[in-house]
Amino acid sequence: MPISESTIEHTKMASEAYITTELIDWILLKEDLKYLPTEIEVHVAPMIDVLQRVSMQKLERTTNWINKSLIRIEACLDRTWQLLNSGHWKDVPLSYRYSYSFCSLLKVILLEIEREQNKEKSTDTEIQVLQEIIQQIDKGILLGAPLPNNPPLLTSIASKINNHYTKFVRSLNAKKIEIDYSKVSQLLLPEFLQINRYRIPSMESFYKDIFIPKVPAIITDSMKHWKALHLWQDINYLNKIAGSRTVPIEIGSRYTEEDWSQDLITFSEFLQSHIIKNTPKVGYLAQHQLFDQIPELKNDIVVPDYCSFSDKEDSEVEPPDINAWFGPAGTVSPLHFDIKNNLLCQVFGYKRIFLYDSSDSINLYPYDTKLLYNTAQVDPLKPDYIKWPDFKKAKGFMCYLGPGEMLYIPPNWWHHVTALTPSFSVSFWWT
């Protein structure tokens with residue numbers, strides 16, 4: 001029996017109707033219910049079967065049911081939000097982080113069903129709903145925890161929705177992040193020692209001369225194949241890929257100051273407020289696993305082969321933690337140390353970096369609190385020798401890190417980082 005054009009069109013619409021549910025394994029999702037707190041599970045469990053049948057076009061739900069379900073999910077999200085924001089983050093029960101991810105997912109599904117059933121939706125309404133969907137799924141990624149039976153689910157859904165949303169993205173009033181490199185001073189201050197530079201060191205040379213001795217080193221010409229070097233200064237490229245996504249931004253001069261705070265804003269807002277314009281307060285996308293959240297950007301970088309060496313004996317090398325550091329001129333990371341090997345890779349812009357060996361820790365006056373144990377009270381740019389007299393004994397190293405250069409920072413080496421221009425860096429941490 002021939003299939004009519006209207007039937008074909010209806011089938012096509014049904015198959016394309018719900019972006020969010022195409023990636024969901026409903027059996028696994030039901031198994032994840034057991035990881036939620038009972039007070040949340042009792043409210044969300046009854047929705048799963050209904051949402052599954054709706055997503056498969058086997059059941060239609062009334063506007064009244066959708067509205068009531070959204071109110072219930074909002075209540076669950078609010079309850080979970082209270083737990084996430086009371087006390088220290090490390091003390092939040094994992095079950096409530098699962099809950100926030102789970103409820104974010106259900107809210108997104110409900111919003112999309114509501115969107116599809118709104119036959120009279122305008123383009124502006126569709127854009128508004130898609131923005132709300134993307135922002136909620138990002139909050140689930142940032143504040144929740146990956147669901148045990150399908151860890152990448154929220155990230156995959158976010159990418160799929162964002163890809164659908166990009167056709168509505170408008171260009172920003174800037175094309176390129178302009179940087180005048182001729183104005184960047186690379187003067188080595190007299191009290192500091194220079195760091196050795198290596199042009200594309202072989203794996204053997206890196207291992208013998210840098211990794212085993214655990215000495216800082218600048219590596220040049222090893223990032224030429226990164227697409228990011230050519231793409232990321234393009235404001236509209238970044239905005240198209242990531243503009244609608246919600247990211248955590250540090251507001252203020254540095255995390256040791258009283259004026260420092262954090263905020264969740266869209267990447268587009270960050271570009272407009274802190275990169276294109278000069279706002280009174282510095283905004284910094286710092287130490288964020290942006291490439292786990294937005295895998296599309298990860299396609300523009302490459303994990304350096306040097307990260308394949310390990311300090312652990314007879315163990316497989318785990319993939320490095322990859323963090324993004326993006327901000328205007330003037331961002332500062334106070335003098336601190338990390339416990340892992342670090343390759344700091346500069347995509348564009350210049351950074352000035354001071355380094356001190358771990359043997360100098362006593363001369364740097366670390367904070368005596370658990371939260372800031374790895375941060376020094378001394379500012380190497382403005383040292384107060386009356387307050388911190390032993391800082392005079394510390395032996396400092398100094399370098400400028402430019403586009404396409406990597407800095408190897410050994411574990412437990414102290415480093416102070418200042419962006420001299422707008423800057424995008426990617427760090428790889430591994431053991």
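1. Lys392 lies over the face of Tyr385, at 5.2 Å from the ring centre, where a charge is taken to sit over a ring if NZ of Lys or CZ of Arg is within 6 Å of the ring centre and within 35 degrees of the ring normal. Lys214 is placed over the face of Phe211, with 3.5 Å to the ring centre.

2. On the basis of these values: this is a predicted model, in which local features need pLDDT of at least 70 and side-chain atom pairs count only at pLDDT 80 or more, while totals for chains, interfaces and linings use all residues. Residues are numbered from 1 along each chain as its sequence is written, and side-chain values use heavy atoms, with hydrogens and water left out.

3. The protein chain holds 14 helices and 14 strands; helices (H or I, at least four residues) and strands (E, at least two) are DSSP runs, numbered from the N terminus. Its C-alpha atoms fill a box of roughly 85 × 50 × 45 Å along the principal axes. Of the 431 residues, 51% are buried, where buried means under 20% relative accessible area, exposed over 50% and partly exposed in between, with a 1.4 Å probe and protein chains only. Among contacts (heavy atoms within 4.5 Å) between residues at least 6 apart in sequence, 80% join residues at least 24 apart.

4. A search of the whole structure returns 32 aromatic pairs, counted for rings of Phe, Tyr and Trp (its six-membered ring) whose centres lie within 6.5 Å, with planes under 30 degrees apart called stacked, over 60 edge-to-face and the rest tilted. One of these is the stacked pair of Tyr207 and Phe211, at 6.1 Å centre to centre and 20 degrees between the planes. Both residues belong to helix 8 (residues 203-211), where they are four residues apart, about one turn of the helix. Tyr207 is partly exposed at a relative accessible area of 33%, whereas Phe211 is buried at 0%.

5. Which ring pair links Phe211 to a distant part of the chain? The rings of Phe211 and Trp430 have centres 6.3 Å apart and planes at 10 degrees, so this pair is stacked as well. Trp430 is buried, with a relative accessibility of 1%. Ring pairs join Phe206, Tyr207, Phe211, Tyr306, Phe309, Tyr408 and Trp430 into a cluster.

6. Helix 10 (residues 235-242) and helix 11 (residues 267-276) pack at an angle of about 155 degrees, with axes 9 Å apart; axes are lines fitted to C-alpha atoms, for helices over the stretch in contact, and angles run from 0 to 180 degrees between N-to-C directions. The two helices are therefore roughly antiparallel, given that angles over 145 degrees count as roughly antiparallel, under 35 as roughly parallel, 65 to 115 as roughly perpendicular and the rest as oblique. Helix 10 contributes Ile235, Leu238, Asn239 and Ala242 to the contact, and helix 11 contributes Phe267, Ser268, Leu271, Ile275 and Ile276. These residues divide into seven nonpolar, two polar and no charged, where Ala, Val, Leu, Ile, Met, Phe, Trp, Tyr, Cys and Pro count as nonpolar, Asp, Glu, Lys and Arg as charged, and the others, Gly among them, as polar.

7. What do the buried residues of helix 11 pack against? In helix 11, Phe267, Ser268, Phe270, Leu271, His274 and Ile275 are buried, and the buried residues of this helix pack against helix 10, strand 4, strand 5 (261-266), strand 6 (283-288) and strand 7 (321-327). Thr246 lies in strand 4 (residues 246-251) and is buried, with a relative accessible area of 4%. Apart from neighbours within four places in sequence, Thr246 is in contact with Gln135, Asp138, Leu142, Leu264, Ile265, Thr266 and Gln293.

8. Two further buried positions can be described in the same terms. Ile133, in helix 6 (residues 123-143), has a relative accessible area of 1% and is buried; not counting residues up to four places away in sequence, Ile133 touches Val108, Leu111, Glu112 and Ile161. The C-alpha atoms of Ile133 and Leu106 are separated by 11 Å, with the two residues 27 apart along the chain.
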